[in-house]
Amino acid sequence: MTDRCLPDAGAVAASARKAQAAWAARAVAERTRILDRIRRPIARAPEALLIATAKAAERPRNETLASEILPLLDACRFLRRRAHRILRDRHPSRRLRPLWLAGLGLRIRREPWGIVLIIAPGNYPLFLPGVQILQALAAGNAVLVKPAPGCAGPMKELAVRLDEAGLPDGLLTVLDEDPKAASTILDAGVDHVVLTGSATTGRAVLAALAPSVTPATLELSGCDALIALPEAGIEAVADAALFGLLLNRGRVCVGVRHVWIDRARAAALERTLTGRLGAAEPVALPPAVARSAQAVIADALARGGRLATGGFAEDGRLRPTVLADVAPDALLLRSDLFAPVLGLCGYDDTAQAVDTIARGPYRLGASVFGPRRAAEAVADRLDVGMVTINDVIVPGADPRLPFAGRGASGHGATRGADGLLGMTRVKAIASRRSQRSAHLRRRSPPERVWRFVLRLLHGYR
C-alpha cells in the first residue's frame with residue numbers, strides 16, 4: 001500500500017489486477033472480516049487518522065470525529081453484517097417461468113468489476129472515499145484512489161490501518177494528488193470509475209471514459225431545496241435551514257440552498273434566520289467559488305430579491321448569506337455553489353416548488369417539513385435522488401441508505417446495499433440438467449400451434 005507517482009501507473013494497474021484475482025476468489029464473509037478489523041483499533045486510538053483528516057478538511061477535531069470517522073466505522077460494520085447477504089447468488093422463483101422453458105434453472109451472480117478507480121473529493125476527504133473503498137474491496141475489487149489536492153493524508157492513514165488488518169498487498173493504492181494521476185491511470189486501464197466531485201469534472205471524466213466505454217458511478221453537484229408545508233413549525237424549519245447552510249462552512253453537496261415556504265409565513269422565517277445569523281463568522285472562499293457566489297447574489301438581486309443578511313465583508317470573506325424573495329428562475333436555484341448562501345422562496349402551492357425543483361439541473365436531494373403523511377406525499381412527487389422528511393442531510397450519514405442523484409447531480413449510487421451492488425457487475429446463468437433440450441432437436445411448430453399457445457397462456461387471464 002504505497003504511494004505511487006505518475007510514471008508507475010502501468011505497474012500499479014498490473015499489480016492491482018494480479019492481487020484482485022486472488023482477492024475475488026475469497027468468500028465475501030472472509031473479505032469483510034478483514035475489513036472490519038480496522039473498526040476497533042480506530043475507535044480506541046483514532047488520533048493519527050483524526051489529525052490527518054482534520055488537517056486535510058480544515059475542520060475542528062470534534063466535527064471530524066462526528067462527520068468523518070464515526071460514519072466511516074458505521075459503514076464498516078454495515079458491510080461486515082450485510083455484505084454477504086447482499087452479494088449472494090439469487091435464484092429467481094419458478095412461478096413465472098415461461099411454460100416452454102420448463103426445466104430451466106436460473107442463477108443471478110454478482111461479480112467484481114476488477115480494478116475500481118476512486119476519484120475523491122476534498123470536502124470530506126476520509127468518509128466519502130473511505131466508504132467507497134470499503135465497498136469496492138468488500139465486493140472483491142482492487143482499488144486505486146486519487147485524493148483531492150492536499151487530502152492524501154487521510155487516505156494514506158486508512159491504507160495503513162487496512163494493511164495492519166491484513167489486507168493483501170496490491171489491493172489498495174493511493175495515487176498522487178496531481179489531477180493528471182487520474183488520466184494517467186485511466187490510460188493504463190481500469191474497469192470502473194467512482195467520482196465524487198462537480199458536474200464539470202463529471203463531464204470531463206465521462207468524456208475520457210467514452211472511447212473505452214468504461215462505466216462510472218458519479219456523485220456530483222447538488223442544489224438542494226427545503227420545502228416547508230403550511231403546518232411546519234418556523235423554529236424547526238429555521239434550525240434545519242441553518243444546519244444545512246452552515247455545515248462544513250457550506251461545503252456540502254446536500255446542504256440546503258433554497259427554502260420554499262408559504263408566502264404568509266415567509267417574513268416570519270426571514271426574521272428568525274436573520275436574527276440567528278447576526279453574529280455568524282464569515283468564511284474564506286477559494287477565488288473561483290467567491291466569483292460564483294458574487295454572481296449568484298447579484299443575479300438574485302437583479303431579479304427582485306433582497307439581501308436579508310450577510311454578503312461579502314471588506315476582507316473578501318463571505319458572511320453566511322440569506323436572500324429573500326428569490327425568483328423561481330434565479331441562478332441560485334440552478335447553481336452548484338459550494339458556499340453558505342441561502343435563498344428564501346415563497347409559494348402559493350407546493351406544486352410550484354416541486355415543479356421548479358424538477359426543472360433544475362441539479363437534483364441530488366431535498367427535504368420536506370410538516371406532518372409526516374402530507375410530507376411523504378410531497379416527497380413522492382419530487383424528482384430527486386433522496387428526500388429527507390423533517391430533517392436534513394441524514395442520507396449522507398446512514399450506512400443503510402443509497403446516496404444517489406439525478407440530472408446533472410450524477411447517476412448510480414454509493415453507500416447502502418445499492419452502492420455495494422454498484423461495485424459489481426451482474427451475470428445471469430441459465431442451466432438445464434439434460435444436455436439434449438427438445439427445442440434444439442425439433443423444428444418450430446407451425447403458426448397455428450403458437451397462436452393456440454398465446455391464447456392459452458395470455459388470452460384469458
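This is a predicted model: local features need pLDDT of at least 70, side-chain atom pairs count only at pLDDT 80 or more; totals for chains, interfaces and linings use all residues.
Local features are taken where pLDDT is at least 70, side-chain atom pairs count only at pLDDT 80 or more, and totals for chains, interfaces and linings use all residues. Residues are numbered from 1 along each chain as its sequence is written, and side-chain values use heavy atoms, with hydrogens and water left out.

**View 1. Helices α6 and α7 cross each other.** The axes of α6 (residues 127-138) and α7 (residues 152-165) come within 11 Å and cross at roughly 35°. Here helices (H or I, at least four residues) and strands (E, at least two) are DSSP runs, numbered from the N terminus. Axes are lines fitted to C-alpha atoms, for helices over the stretch in contact, and angles run from 0 to 180 degrees between N-to-C directions. From α6, Pro-129, Gly-130, Ile-133, Leu-134 and Leu-137 make the contact (heavy atoms within 4.5 Å), and from α7, Met-155, Leu-158 and Leu-162 do. Seven of these residues are nonpolar, one is polar and none is charged; Ala, Val, Leu, Ile, Met, Phe, Trp, Tyr, Cys and Pro count as nonpolar, Asp, Glu, Lys and Arg as charged, and the others, Gly among them, as polar.

**View 2. Helix α9 has buried and exposed residues.** Ala-199, Gly-202, Val-205 and Leu-209 are the buried residues of α9 (residues 199-209). Buried means under 20% relative accessible area, exposed over 50%, and partly exposed in between (1.4 Å probe, protein chains only). Seen down the axis of α9, the buried residues fall within an arc of 115°, so they line one face of the helix; the arc is that of the directions from the helix axis to the C-beta atoms. On the other side of α9, look for the exposed Thr-200, Arg-203 and Ala-207.

**View 3. Glu-58 pairs with Arg-249.** In this salt bridge (a side-chain nitrogen of Lys or Arg within 4 Å of a carboxyl oxygen of Asp or Glu), the closest N and O atoms are 3.7 Å apart. Glu-58 sits in the loop between α4 and α5, and Arg-249 in the loop between α10 and β9, so the pair ties together parts that are 191 residues apart in sequence. Glu-58 is exposed at 58% relative accessible area, while Arg-249 is partly exposed at 29%.

**View 4. Arg-415 forms a salt bridge with Glu-219.** Their closest N and O atoms are 3.3 Å apart. Arg-415 is buried, with a relative accessible area of 5%, and Glu-219 is buried at 4%.
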